[in-house]
Amino acid sequence: MPNTDKPTIGILGAGKLGSTLARIGESRDLPILIGSRHSVADLKWVIDTLAPGATTLSAAEVVRQADVIILAIPLSHVQDLEPAAFADKIVLDATNFWAEVDGTVNTISSLIESSSEVVQAHLAQSKVAKAFNHMGYHDLEIEVDRHPDVPRAMAYATDHDDIRPVVEAVLRDFGFDPFDLGPLRFGLVLEPGSPLFGEAIPRAEFADKLAHIYNSAFGKKIIKARGGEIR
Amino acid sequence: MTKKYEFGLNTFGDIGFHDDGTAMDGDETLRQVVKEAVLADKLGLDRIALGEHHRSEFAISSPEVVLGAMAAVTNHIKLGTAVTVLSSDDPVRVFERFSTLHGLSHGREEIMLGRGSFTESFPLYGYSLENYDELFIEKIAMWQKLLEGKPMNWKGEFTQKLTDTTVYPKLPSGETIPTSLAVGGSPESIIRAVHYNIPVVIAIIGGEPVRFRPYVDLYHKAAAQLSMPEHPLGMHAHGIILDDADEAVEVGWKYIRAEMDRIGIDRGWAPMTRDRFEFEIDKGSYYVGTPEQVAQKIAHNMKALDMSRFDLVYGTGGQLIHQREATIRNFGEKVVPRVKELLGDDDNA
């Protein structure tokens with residue numbers, strides 16, 4: 001039975017990432033709701049196969065019922081979300097700019113304004129944290145399962161200090177070691193192109209890579225674009 | 001009922017190395033791949049399928065031309081692609097190339113369509129990535145219509161308008177170009193393949209293969225859900241098969257890892273650790289070792305995933321000529337008969 005003391009997790013998007021997170025959540029007895037642009041009838045049998053136990057609802061109903069909403073949709077679709085529906089919710093933004101789905105040229109975010117800051121600006125009445133961004137969807141299961149005693153660091157960033165305990169609890173519930181990057185703008189270092197992107201490593205290694213981020217080509221691009229490190 | 005199993009080779013035409021360690025150039029690599037097809041044909045392998053890439057690590061950007069050369073020097077082996085990036089191609093031209101190959105090869109051609117996990121072909125051919133999904137859906141529909149072999153009446157959004165147009169050379173009456181669809185970890189791609197009534201080949205190139213079981217279940221369920229027929233399932237994975245297990249592992253570390261890391265730079269993957277590499281060999285998706293080790297692993301995973309077809313990607317990252325050829329020879333001579341024996345295929349044991 002799902003543990004009802006936990007916040008209800010709603011996943012928007014049932015592609016590679018959404019279905020994987022639903023399966024992980026269910027395997028760890030978390031109450032998971034999931035919805036996508038497809039109808040409940042079209043999605044339910046898919047979720048019953050890929051993430052048995054997760055509850056399939058319409059996207060609108062997922063947003064209404066969930067306490068914490070994970071965005072597992074293309075970044076370019078975020079602008080279509082109705083901000084009022086997300087008012088007062090905690091939103092974990094797992095989106096990344098991805099050319100195959102979002103378009104050849106990134107007109108959404110930049111080295112000055114990270115994608116999750118754009119998401120927070122759109123969902124202005126919600127508390128957004130960037131999370132579940134830097135690890136490949138396969139590795140969310142493979143790397144976690146093969147290191148049962150050494151959890152993988154999952155970095156997050158948010159401008160809302162009051163949600164940090166909830167965000168950290170959710171990341172821990174999914175099997176990760178929460179790694180606080182600070183305010184949302186620091187989440188830029190998790191985006192594609194960064195040496196941290198794709199990493200499924202323990203806290204100490206993650207901290208070490210982060211400490212050297214400005215020596216990397218990506219870090220140098222950040223400095224060039226912003227006239228200095230992120231502050 | 002005994003299942004019919006099929007075993008083949010895949011290559012992207014990785015730029016190879018002479019046995020003295022010097023790199024081949026693209027021309028030499030292309031001729032080497034044709035030689036390897038001759039070897040695979042002699043060994044009785046079911047197919048060789050070529051990828052299409054547009055970058056320095058690979059020599060093959062025009063697979064059908066290479067397949068045409070192979071057609072002239074082989075007799076039985078099926079000649080295919082893995083994959084043809086239909087979204088950044090013109091289905092009419094693709095049809096013409098494959099119907100030409102049909103004639104040259106006495107009907108041994110086949111095509112595997114895929115969205116392509118590399119996207120270099122889009123800007124190269126002037127296609128926009130913005131329409132990635134829509135392009136693929138429209139062009140698959142156009143492809144299937146072309147296969148009907150009748151004069152085409154077609155009006156698409158991204159494709160040319162055709163009115164009572166016959167595309168040549170025509171396929172002989174009643175014949176078709178066997179078509180499969182490559183899928184990765186996207187549930188939607190699997191459902192789409194069932195919807196189009198096209199067999200799927202799943203790229204299982206990382207992690208424990210059994211993790212793909214839910215996708216296999218999804219395939220079966222989708223067939224029931226959409227009232228569509230099921231087709232035999234295939235998988236594709238990287239491997240090196242040498243008589244000395246340690247040597248196979250070191251060749252893999254030198255070449256497979258290097259290729260994954262090179263591609264990873266563009267794709268945002270983290271570099272591969274030795275620990276992960278060894279995990280892929282022990283429990284994951286690399287078929288690296290002696291013929292017996294590889295045969296056991298292939299048989300185990302084909303059983304676990306209901307697979308009828310296994311395509312081994314050989315020569316990943318280039319490798320020395322004798323290593324590439326040893327893998328092919330071991331696969332054909334030892335691994336395939338052993339896998340069939342382990343799977344209980346009486347016809348071929």
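The model is predicted, so please read it with its cut-offs in mind: local features need pLDDT of at least 70, side-chain atom pairs count only at pLDDT 80 or more, and totals for chains, interfaces and linings use all residues. Residues are numbered from 1 along each chain as its sequence is written, while chains are lettered from A and ligands numbered from 1 in the order in which they are written.

**The two chains**

- Chain A has 9 helices and 8 strands; helices (H or I, at least four residues) and strands (E, at least two) are DSSP runs, numbered from the N terminus.
- Its radius of gyration is 17 Å, close to the 17 Å that the globule rule gives for 231 residues, so chain A is as compact as a globular protein of that length. This radius is taken over C-alpha atoms, and the rule is 2.2 Å times the number of residues to the power 0.38.
- The C-alpha atoms of chain A fill a box of roughly 50 × 40 × 35 Å along the principal axes.
- In chain A, 50% of the 231 residues count as buried. A residue is buried if 20 or more other C-beta atoms lie within 10 Å of its own, exposed if 12 or fewer, and partly exposed in between, with C-beta atoms placed from the backbone.
- Chain B has 11 helices and 12 strands, and 49% of its 349 residues are buried.
- The radius of gyration of chain B, 20 Å, agrees with the value near 20 Å for a compact globule of 349 residues.
- The C-alpha trace of chain B spans about 60 × 45 × 40 Å along its principal axes.

**The sheet in chain A**

- An open sheet of 8 strands with mixed pairing has the order β3-β2-β1-β4-β5-β6-β7-β8 in chain A. The edge strands are β3 (55-56) and β8 (177-180) of chain A, each pairing on one side only.
- Two strands pair if DSSP finds at least two bridges between them.
- Strand β1 (residues 9-12) of chain A runs parallel to β4(A), joined by 4 bridges, and here A:I11 stands opposite A:I70.
- On the β5(A) side, β4(A) again pairs in the parallel sense over 4 bridges, with A:I90 as the bridge partner of A:V68.
- Both faces of β4 (residues 68-71) of chain A are covered: A:V68 and A:I70 on one side and A:I69 and A:L71 on the other are all buried.
- Strand β7 (residues 153-158) of chain A pairs with β8(A) in the parallel sense over 4 bridges.

**The core and A:M154**

- The largest nonpolar core has 166 residues, and those with the most contacts inside it are A:I70, A:L71, A:L92, A:M154 and B:I190. Such a core is a set of buried Ala, Val, Leu, Ile, Met, Phe, Trp, Tyr and Cys residues joined through C-beta atoms within 7 Å.
- Helix α5 (residues 132-147) of chain B gives the most to this core, with 7 residues.
- A:M154 stands opposite A:P178 in β8(A).
- Leaving aside neighbours within four places in sequence, A:M154 has contacts that include A:F132, A:L171 and A:F179; two residues are in contact if their C-beta atoms, placed from the backbone, lie within 7 Å.

**A recorded domain**

- UniProt, in an unreviewed entry, places the feature "domain: Pyrroline-5-carboxylate reductase catalytic N-terminal" at residues 8-96 of chain A. Its positions are given in the numbering used here, feature names are shortened, and annotations may be inferred rather than shown by experiment.
- Over residues 8-96, chain A is 34% helix and 20% strand, and the end C-alpha atoms are 24 Å apart.
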